[in-house]
Amino acid sequence: MLGILLVTAINFVKIVALEKFQSLEPALKDEDKRNIIQVAVGSVYSLPRDFLHEKPKEEGIDPTLDFDKLLISTVDALNFFLQKLVLKERTFTNLESVLLILHRWMVSKNAVERERCLHSTLHILRAYAEASESDAYIPFNTLGSILGMLVPRCTDPQVTVRHLAFDSIDVAVAVAMRVQVSAVSFNEKPELSLNYLKSQIISDDPSSLFIVTKSLGKYICEKLPLDQLYPFLRCLVNGLCDPHSQSSSGASVVLNTVIKHRGRELRIEIPNIIEAVRDILNSVQCPHTRKGALRCFQNLANHHLTAVLVSLLNSPVPLDVNTIDIWQTLSQDKSLANHIIEYFLEIFSDNVISSPPDPHGRSIAYVAAHKPLAAICALREMFKVPEMETCSKEHFDRLFSSLLIVSGAYVGAVFPVYSADNVKSLAALQKKNDPKSSSQSPVRFAIETLKNFLLCVKEDIIVTSMNEGGYWVMMEEQDKYPEAVAALGRSICVCCPDQVPKLITFLNPMLNSSVDVHRIVSVSLFVEFLSQSYKGRKTLTEPLMNSLLGRLVDSSPVVRRLCISGLGNISMLDKEQIDRYSTTILSAMMTGMDDREDPGCNITLEAMSGLSSILSQVAEADVRNILINIALRIKPMFEKEKPLVRAAAFTLFGNLSRFANGPSKEQFLEQVHGNLVPLLLHLNDEDKHVIKACKYSLRLLGPILESDEMNNMFQKHLLDDAHLHYGDFINDLTKTVISDFPDKVGFYSTTCLSYLKSPFTTIQCNATAFLGYLLGNIPVEKQNLVAKERVCSALLVLLKDQCPEVRIRAAESLSLLYNY
């Protein structure tokens, strides 16, 4: 105890000495002033307040000495020292600098230190007020920051500190009003006086504290001039991480109140405020304070929504946890959420990909434009908020379509490259752009956003269906994306058919877009809307058909293929609609078969599949005029490299048999004879689908040939899953050909000669065998039916072929010609 007493006495002498020292010339430098204040304040504020409850009896202590008085004298000496320091350079800047130095004790965890610091603050402000009574007009240019330091103490855990804070604010405002009586923004009749608020601040009840603090915020709104508004808020933001939860919560209440009432005046400072609050969120410990801090973004957005959105969208992606919380807080306000969605939809309507030109002329990857990608990331988090359900449903058609289009645009795209200054760490940047990172790609963000949207509007069945079919994964691949979109379209028809007309209305203008993915998504959905069965489809058929017909000349082969595929689904319509559109659709299918910019024959394949489907539904009269034309268009497809195209062509030719008994019978029969050889040769094709298609067609065409024996062979031996002994079958068949169609033998042999040069080795061998069996089975008296010299010469040439199998077949066929 003796030690504490000595320290107190020494400190008293020290403070008096410092007071004399600071009055000397020249004036102290800022760093010296800071050091002196820290030494003086640190040695006094930390002194315990209750160590002299019992008078010391220790030897050497004057029993008449008043220890309480000594402590009070020491504190008073400190305050007098600080007063002199402020008044020696009587400027508001100097006043602020002194209070900033004291601020570390103002937020101390030690209640005694906070109380003494507030005593000093009040003493300094009162001394300054008295000294400046007669001063001419001087702008109080630090009022905002000073009030910002004092406000958190108005809800301090200690009632004494609260009262001192209120008194300090009262004095500071009084000084401002006296020196700036002409300020228009001042209203000298606030709704509540500080004295009244001070009397109400004694309760620790949270609801009572909230009411008083909110009233304090309104008071400050009335008293704070415009030029001090941002400094006040900027300083108050630091109060959000006050070590005392009551104080930080109080700061958040005042912050929100001031922004709510005067946020309109903050337009130019919006980015700075957003950045300050977002950065401070990492240090906020109290959950209630964090919630209040996030709420201020709502209040800012109610005044300057566009400015807030622009600032938030500048955040690097993926978003950090603070930015995510901000977006989710904004989405809790339905009005704001609606406006945000409108703003984002406008962003998505522009190109979401930005590919800077490569100075070296090399191809580069698509780069996702930052702003749309940031909006996608924001929506991904916003859709997790339950309050978003209503407005998401209101904008279902636009959000669904836009998110689907953005997902398609992002297939194969990479993240924009940010500088190290724009991200928290270079390591995070490198990880984000690592292609091996499973969850870090623009297309996956877009797909995740679409999933969250569907979950938000309670369409869980669609999400589940897409998961089970693996379609979400398919959306990440360029070639499979249209198929995944089609799956979504089918689910929409099943789960929310009422949205189909709205989706058509929104997407129809996209068909004229210069961006391929806009047209691909629109057509993919339209195809499903046309082919699925749902309420109201009949009234939508005509506009959907017209939309698809209009894109048959699209520059994108994917769009043309999808249109052909959709138009081929006419078989799904009722009879009346089939009759109405059949002629138009047949013409469209014919056009698709002639597509010259279709290297993969995908459009041709769709056209033939569509024709097969349509021909099963239409009347002979609708096909009569184009039947032969169709047959002629099909023939070149028999020798396409792609097996599926060959199979589709043979199937389609077989389906034409449905119209062979009408007026076109004779003409079609000629086409059957003309295509019989390739059908027979491809019975032994390398691809099982082609073999099955040839069997199918020959069974259909058999009755038309007017040869009972040949038809019986087709029906008996050409079963889909039965194994065919090709050599034996052709041997027997050629005998029937010779007996039933002697006038066609020469034609068949000439046709077969052209296949000796087929690019397919198997077909070469089949043609060689066919010729061998055909000529070998012709009786001597009928050998003049064929050009035997020409056939033999062709077979002899094949003996020198590079392929051993062809040479073997040629030798075998020549061995059958022993009668020649």
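Leaving aside neighbours within four places in sequence, isoleucine 763 is in contact with Leu681, His682, Asp685, Tyr755 and Ser758. The model in which these contacts occur is a predicted one. Isoleucine 763 belongs to helix α38, which covers residues 761-776. Its relative accessibility is 1%, and isoleucine 763 therefore counts as buried, the cut-off being under 20%.

The chain as a whole may now be considered. Its secondary structure consists of 40 helices and zero strands. Of the 820 residues in the protein chain, 54% are buried. Among contacts with a separation of 6 or more, 74% join residues 24 or more positions apart.

Phenylalanine 400 illustrates the packing: when residues up to four places away in sequence are not counted, phenylalanine 400 touches Leu450, Phe453, Leu454, Leu488, Ile492, Leu503 and Leu525.

Which helices pack against the buried residues of α27? They are α23 (481-495), α25, α26 (537-550), α28 and α29. The buried residues of α27 itself are Val559, Arg560, Leu562, Cys563, Ile564, Gly566 and Leu567. For the pair formed with helix α25 (residues 516-531), the packing angle is about 5° and the axes are 9 Å apart. Angles under 35 degrees count as roughly parallel, and α25 and α27 are therefore roughly parallel to each other. On the α25 side, the contact is made by Arg519, Ile520, Val523, Ser524, Val527 and Leu530, and on the α27 side by Val558, Val559, Leu562, Cys563, Ser565 and Gly566.

Helix α29 (residues 602-615) is another partner of α27. Its 14 residues reach 20 Å from the first C-alpha to the last, close to the 20 Å expected at 1.5 Å a residue. This helix is mostly covered, with ten of its 14 residues buried. The buried positions are Ile603, Thr604, Leu605, Ala607, Met608, Gly610, Leu611, Ser612, Ile614 and Leu615. They pack against α27 (557-567), α28 (575-593), α30 (620-623), α31 (627-634) and α32 (643-655).

Burial also occurs in a loop. Serine 108 lies in the loop between α4 (92-106) and α5 (111-131). With a relative accessibility of 11%, serine 108 counts as buried. Apart from neighbours within four places in sequence, serine 108 is in contact with Glu113, Arg114 and His244.

The cysteines remain to be considered. How many disulfides does a search of the whole structure find? The search finds zero disulfides. Cysteine 391 is in no disulfide, and the nearest cysteine sulfur, that of cysteine 456, is 7.1 Å away. Cysteine 391 is also buried, its relative accessible area being 0%.

Note on methods:
Residues numbered from 1 in each chain as written. Predicted model: local features only at pLDDT ≥ 70, side-chain atom pairs only at ≥ 80, totals over all residues. Heavy atoms only, no water. Disulfide = S-S within 2.5 Å. Buried < 20%, exposed > 50% of the residue type's maximum accessible area, 1.4 Å probe, protein only. Contact = heavy atoms within 4.5 Å. Helix = DSSP H or I, 4+ residues; strand = E, 2+ residues; numbered from the N terminus. Expected span 1.5 Å × (residues − 1). Axes fitted to C-alpha atoms, helices over the stretch in contact; angles between N-to-C directions. Parallel < 35°, antiparallel > 145°, perpendicular 65-115°, else oblique.
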